[in-house]
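Please look over the sequence and the 3D model shown below before reading on.

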Amino acid sequence: MITFDNSYARLPKAFFARTSPAQVPAPSLVRLNKGLANELALDAEWLASDDGVAMLAGNKLPDSAEALSMAYAGHQFGGFNPQLGDGRAILLGEIRDRNGIRRDFQLKGSGRTPFSRGGDGKATLGAILREYLLSEAMFALGVPTTRALAAVTTGETIYRETPMPGAVLARVAQSHVRVGTFQFFAARDDRASLIRLADYVIERHYPRANESSNPLLALLEFVVERQAELIARWMQIGFIHGVMNTDNMQIAGETIDYGPCAFVDDFHPKCVFSSIDRNGRYAWNQQPVMGKWNLTRLAEALLPILSTDEQTALNMAKHALDGFDLRFNENYIAGFKRKLGLMEASEGDDAFIASTTDALAKGEVDFTLFFRHLTRVAAGESEEALLSLFATPAKARTWLASWRKRIAGEPNVAADLRAAIMQGVNPIFIARNHRVEEAISHALRGDFQTFHELAGVLSNPYGEQAEFAEYERPPREEEKVRETFCNT
Ligand code: AMP
Ligand code: MG
């Protein structure tokens, strides 16, 4: 059994709509995340039982659940929609994890809510498995993210372009408050609710803001900082979120809403996969720009409560937003330096990183394999594998010579320490798109073996797994996935 304690349900009515999950005909457990269940002090055996699966599918809720859908607004690809909200997600309640931290327990894909607009509130099996794989891969990579506790099929057929099996994901998050949640109240000039929401978020996620003379400004500064760190982390593993709309930017700083996201194979800074991102708004190298754009929308929403004086509020917001570039650059450079095995500060660090990403783009190099093989070179292995990744080996030699020169400037760093640090940040296994698609297509035929195997491999991204070396391989030309779909 689960006992929920629901702080969000105690907020004013305008924050949410009470909702019940739809009953589904034949719930069946696809995968239960036992590690996460343990982290949450939940009984994995019970979760996998008939009663547990009935809850995970939304059929039978514990008495302590207070199911609701959260209200939010959002800028979607630049256009503001004042009324979005959880259209296919229902928050059952909150639980305390083993560290005493309050976590949201949400069902995604469990039917219509008052915010569903034209949608059916359901989710396809493909979308649920994709989110399960990607979010847990991100967790294993050490990137802040919402988690996947379980995936269940519902026994229902839902209708998209073609009939699809329906599924539900049990998602766990620090909370589901988004930039768009603040925008929801700002758009309604509801100052009281804005303050209430800000206070709630400070208490739950940023209690240190209360030590500041202006906790609301401190809140903005903290969110800016977390997002700058998060986006730098994404870029360092070649992750492209794909739908960085303000309703998909979480206030606590976790990666959220895995739709058409993907990891880049052959690197290009303008890389984009999402079928709905026609103009490359959320391309790999646009992510910090759009992240700051979103945070500017958050700052705008907070303006009326930052200060009673408009100009003062504006100055505060501007100053907080300026922190983004600083923080992002710091994290971006420090992270890439670790990936490259550079330990000491040097004048041209940012230029060297830029020359590296430039060489990768020009050489059509697989992003993950490049750092994987560079790590081996740092450990004293042959350069051949690294060189062979480049379309033109001459250019690869030029880059490698510049790297060797840079390394030679750090004579005090022991080679094995350098290699060990690189191993800790350069993943061997990422959720390659063609593998994710393969796992989904097998699952749609009723074979979940590939999905389970992939989930297992991705849970240990930095470790050698010789028996799964095939999962390191980039897609062959005919395996390449060029577009990813929301496929809600
Ligand atoms: P997304 O971009 O996927 O995060 O979704 C944007 C908005 O559309 C959110 O308000 C979702 O709740 C809503 N939405 C997405 N898919 C569905 C669906 N199948 N039924 C109802 N609402 C949906
Ligand atoms: Mg969303």
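How many nonpolar, polar and charged residues does the shell around ligand 1 have?

## The shell around the ligand

The shell has 2 nonpolar, 8 polar and 8 charged residues, where Ala, Val, Leu, Ile, Met, Phe, Trp, Tyr, Cys and Pro count as nonpolar, Asp, Glu, Lys and Arg as charged, and the others, Gly among them, as polar. This is a predicted model, in which local features need pLDDT of at least 70 and side-chain atom pairs count only at pLDDT 80 or more, while totals for chains, interfaces and linings use all residues. Residues are numbered from 1 along each chain as its sequence is written, chains are lettered from A and ligands numbered from 1 in the order in which they are written, and side-chain values use heavy atoms, with hydrogens and water left out.

## Contacts with the ligand

An oxygen atom of ligand 1 lies 2.6 Å from a backbone N or O atom of Gly-85, and an oxygen atom of the ligand is 2.7 Å from a side-chain N or O atom of Arg-88. For Asp-120, a polar side-chain atom is found 3.3 Å from a nitrogen atom of ligand 1.

## Two loop residues

Arg-117, in the loop between strand S7 (102-108) and strand S8 (123-124), has a positive phi near 45 degrees although Arg-117 is not glycine; strands here are DSSP runs (E, at least two residues), numbered from the N terminus.

Asp-257, also not a glycine, has a positive phi of about 65 degrees and belongs to the loop between strand S11 (239-240) and strand S12 (262-263). Asp-257 is buried, with a relative accessible area of 13%, since buried means under 20% relative accessible area (1.4 Å probe, protein chains only).

Conventions
Polar contact = N/O pair within 3.5 Å; in protein donor to acceptor, adjacent residues only side chain to side chain. Helix = DSSP H or I, 4+ residues; strand = E, 2+ residues; numbered from the N terminus. Buried < 20%, exposed > 50% of the residue type's maximum accessible area, 1.4 Å probe, protein only.
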